[in-house]
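Reader: Hi! Could you walk me through this one? I'd like to go chain by chain and then look at the contacts.

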Amino acid sequence: MSKLFTTTALLAALTLPAQAVQPAAGETLADSQTYTYWLLDAIKTLDPAKNTDVEGSDVLRQVFEGLMNEGPTGAMVPGVAESHTESDDGLTYTFTLRDARWSNGDPVTAQDFVYAWQRVVNPETASEYAWFLELMNVQNATQIIAGDLPPDQLGVRAVDDRTLEVRLTARTPYFLKTLSHATTFPVPQKVVEQHSDAWTQPGNLVGNGAFTLQSHNLGVDITVVKNPEYWDAANVVMQTVRGVTVNDNNIALTRYLAGELDRVQIPAGQYPRLSGDYPDQAVSIPYACSYAYVFNVSDKGPEALKDVRVRQALSLGLNRDIIVDQVLQGGQKPAYSWTHWAIEGFQAPDTEIAAMTQEQRTEKARALLTEAGYGPDKPLALTLQYNTDENHKKLAIAAQQFWKPLGVNITLNNVEWKVHTDRMQNQDFDMARYAWCADYNEASTFLDWFRTEGYNSGKWSNAEYDKLMAESKTAADTAPLYKRAEEILAQEVPAVFVYHYAKVDMLNPAVKGVPTENVTNAWYAKDFYRVAD
Amino acid sequence: MVIDERKMRSLAARMAQAEVRGRSPWADARRRFFRNKAAMAGLMILVLVALFAIFGGQAAVWSNEELDFSVMGQVATMGAPSWSNGHYFGTDDLGRDLFARTVQGTQISLLVGIVGAGIAVIVGTLYGAVAGYVGGRTDQAMMRLVDILMSIPYMFVLILLLVMFGRSMSMLFLGIGLISWLDMARIVRGQTLSLKNREFIEAARATGVPTWRIITRHVVPNLLGVVAVYATLLVPLMILTESFISFLGLGVQEPLTSWGALISEGAGTMNYGTLWQLAFPLFFFVITLFGFFFVGDGLRDALDPKDR
Amino acid sequence: MFAYILRRLAIAVPTLLLLIVLSFLLMHLAPGGPFTQERALPPQVLANLNAKYGLDDPLWRQIWNYVWGIVVHFDFGPSFVYPDRTVNQLIADGFPVTLTYGSLAFLAAVAVGITLGTLAAIRQNTWLDYLAVGISIGAQVLPNFVMAPLLVLVLTLWLGWLPGGGWSFSDPSFWIMPVIALSTSYMASIARITRSSMLEVLGSNHIRTARAKGMPEHRVILRHALRPAMLPVVSYLGPVFVSMITGSVVIDIYFSTGGIGKAFVDSALNRDYAVMMGVTILVGALTILFNLVVDILYAWIDPKIRY
């Protein structure tokens, strides 16, 4: 019933005129329709198969278009796929593609998707995001990545030019939500084969998105301009979108204030001041990432952390309110669950820790530590590892001070990102800072992390948890399962959940149409327009 | 910001000469040094900064890692320098006392500067003296190696070292010290060559004193003036190098800090109404560098007066 | 002289080899590799990547292949982090930028530094001298990571005169702040060195003679004093060049110029082996070349020196 509803809803949406991005009454469009936004670093690649980061995805979403897009609230809306049907067993999806074109005028066909997806899993491409097709449960993806099957055995097929069929190995409730991810975007086979690795360079790149690549100076800026071949070009107002790299957030803010940028992240702690000075520009939007200190409970980890009372005490002793209200100060929320609070359909369990005051928590933490045999005469000594970043540093320093009165002596160990990751993956740490961002807007993107088979670098393992997560894959109603899973996390404390992210930005009020309700923060400049001052 | 090598050569030549003439250059030099106003001012500054580093901690109300929760989150309004709450230099963004942190940062920066310069001077002197004294093929090979090492972009190698071995004080000392011994080695070698054939060295050799003892007992003491001046001028360079490393985020671990780390944090927030976070560490950094330059220059001028 | 140049160039080869081996080993000994990332890669994918980039070969073979690729094809290999581009391309993109603002900064430092130092020496103990000495002492110790954000704040936000960052070869307004931030402290050092060496030369006998003969003061300075006074400045130029390259890291970070300084630091942190090696070799080669140029210049100015 629900799947039928989804399909009809999509079809219904299509019978309406395409979502119009027109200025509201009383607004005048600016003469120059440009949008300039901040990039922390260089865009590493514009190849959808090889992209791994958020900044890259932001550009790819303008230059390419997948089967689905995300609407302003994060709901899936049709992209290249006009409509789709799902088989009764949930294992086969059939998409009907619209009459779309590449920026060189060629039609976008089902074969382009087949080629793109096969290319992602092809060992020769060596895509770092090949796992995404495994996550989508596309048939044979795992075997092809391992080199056991040829890429043409992937469970995706062009029935005809306008019909794409995808076969899955298991029912996947979140499947449709993965289709706006850059890894699933189509690529033009002819162009890729003609230019090989250089196909994404300006002049070579051919995309099917609302914009097309004009220039890319690595580490300086990247410019895309409106693509007249885009199927909905008539409704695209924005003409030029420019991403400007500024490696220092403070300088970026200065340049925003000088009018060089339309959107920039606010450095930690500056939101209250800026929202006072510029109430119409400082915005804080929930952002589907969670921050945690992961405990190493593996054999290589410290003995003390294998005691659940110690883990509970550390979680209780961390004053999240101060971290959120006095350090970050940007509308982030204290975390007592792993799943971000704003994830669609997620209901956080009522945990004891969330209901207590900090005094009660500290009291209980002391009691638990004493019970576990630690106290002033036998202090607990642990190392907290974090990667180089101003905010991680601030939080780690604060955490150290919160735990100190409990008799826990923390040594801070700041290492650079590669070393941090390497040590985490080899269980070479006591406690490590970690954050996870949603790949799609559903709780399992977070909760899968703590499965025994998940990325879970602390090596915590719980049979009931694994069972719940396995059940959730095929369950009709997943909310109670996720809720129970979070209860287990709250009880077992494999990590201290610290806070849930917010995206805290300065945004030029002349730019309209920027989504503020989508927790994944995916944005499409085709929906933006600029009004005259 | 590099030491004027030519002047060092001239100084080295004079030191070797003076010794042979049988009269210590030091007595005259002391007189000249005390008459040099800039050098004396520099010396005063250095003494004061050293006292600050050693005893400043006694005056601090807060430790260098405590968070002041009454200030945290409203640093721009509450964290300014104040006598009443004990934050003489204000607080950093987390509400930590900047006075205590500046004291502690001063200790680290001075330590890195002095140990780094010490390593460079010791390695450079011994290397240069051995090459110059032994001479021949050994000298050729040793100096060729110096030529090769001179062409290596050291800052790059230092970054690699810190990335590879992780960040630790000893790595920082070693890495920074290893950067600048090459010039020292060259100068020392040149002077050793001219010392080598002097009577007192030949006498020592004739009486069968082993090579190593000749180098350490007779050659090196005659280079002491150069070594002292060079070391004084190297310290500020080492401090600058450390600040750059801290800027890259490869410096000492929190809660420890250094001038470089404090300055680079303060520079980031200079437009957010917390200028004291930059001003205090930068002040100590700048006056200390001046102090070393003035003392180093003064020492050199005193030992190698132009009006000879 | 010619033999000397040849000998110096001959040293360049072992130097570069040493540099390659040293940095290659350091890089590979460091924990984590180019494909270490947050979501640990499945072993198969990792194996595929390692095979694609030849990282599964023994280390000596990797070094050998690398050197061979450079010698035979002038190919510095692929970038692991920027898969769309080769290292040759990355360097071809970034190096001209660094070279442009670097050489402008170098010229500015030399020209302004020498002028300032000479003026201060001629007008010793006047207000001009004190001003010049004061400025140069101050500028010498101000770290460029303080100078750079200050420039953006003043020239971009408050005065609105210059763009706050970015790069364009056709628009010099992008060049000004990088050049100022990079050159100031060297300018100050050069001014100090020039001043003291000029004072020394002006006090020497041959200048007294020239003056006694009634030669006009500007001719005394330009014809007789400047050349010998330049010797210490010239010997300082080699080190200036090297530390300017290091300083370009700060410039690239603050002004987003896209030069090779940032590329090097990023590649070391990202374990982008080939980029790191490529930049190191380039900088090493430039250092060798520049030191040689400085030596030749030195010999040209000071006829007493023979190699």
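Predicted model: local features only at pLDDT ≥ 70, side-chain atom pairs only at ≥ 80, totals over all residues.

Reader: Great, start with chain A. How many helices and strands are there in it?

Author: Chain A holds 17 helices and 19 strands.

Reader: And what is its radius of gyration, next to that of a compact globule?

Author: Chain A comes out at 24 Å. A compact globule of 533 residues would be near 24 Å, so the two agree. Along the principal axes, the C-alpha atoms of chain A fill a box of roughly 75 × 55 × 45 Å.

Reader: What percentage of chain A counts as buried?

Author: That is 53% of its 533 residues. As for contacts between residues at least 6 apart in sequence, 70% of those in chain A join residues at least 24 apart.

Reader: Let's zoom in on helix 12 of chain A. How many residues does it have, and how far does it reach?

Author: Helix 12 covers residues 358-371 of chain A, which makes 14 residues. From first C-alpha to last, helix 12 reaches 20 Å, close to the 20 Å expected at 1.5 Å a residue.

Reader: Which of its residues are buried?

Author: Arg361(A), Ala365(A), Leu368(A) and Leu369(A) are buried in helix 12.

Reader: Why do they line one face of the helix?

Author: Looking down the axis of helix 12 of chain A, the buried residues fall within an arc of 95°, so they share one face of the helix.

Reader: Nice. What covers them?

Author: The cover includes helix 9 (308-317) and helix 11 (352-355) of chain A. Just after helix 12, Gly373(A) takes a positive phi of about 95°.

Reader: Switching to chain B: how many helices and strands there?

Author: Chain B has 14 helices and zero strands. Its C-alpha trace spans about 75 × 45 × 30 Å along the principal axes. Of its 308 residues, 54% count as buried. In chain B, residues 24 or more positions apart make up 75% of the contacts with a separation of 6 or more.

Reader: Which parts of chain B does UniProt annotate as "transmembrane region"?

Author: The unreviewed UniProt entry puts that annotation on residues 40-62, 108-133, 145-165, 171-188, 223-250 and 278-299 of chain B.

Reader: What does the model show for 145-165 of chain B?

Author: Residues 145-165 of chain B are 86% helix and 0% strand, with end C-alpha atoms 25 Å apart. For residues 223-250 of chain B, the model gives 86% helix and 0% strand, and the end C-alpha atoms are 35 Å apart.

Technical notes. Residues numbered from 1 in each chain as written. Chains lettered and ligands numbered in written order. Helix = DSSP H or I, 4+ residues; strand = E, 2+ residues; numbered from the N terminus. Rg over C-alpha atoms; globule rule 2.2 N^0.38 Å. Buried ≥ 20, exposed ≤ 12 C-beta atoms within 10 Å, placed from the backbone. Contact = placed C-beta atoms within 7 Å. UniProt positions renumbered as here; feature names shortened; annotations may be inferred. Expected span 1.5 Å × (residues − 1). Arc of directions from axis to C-beta.
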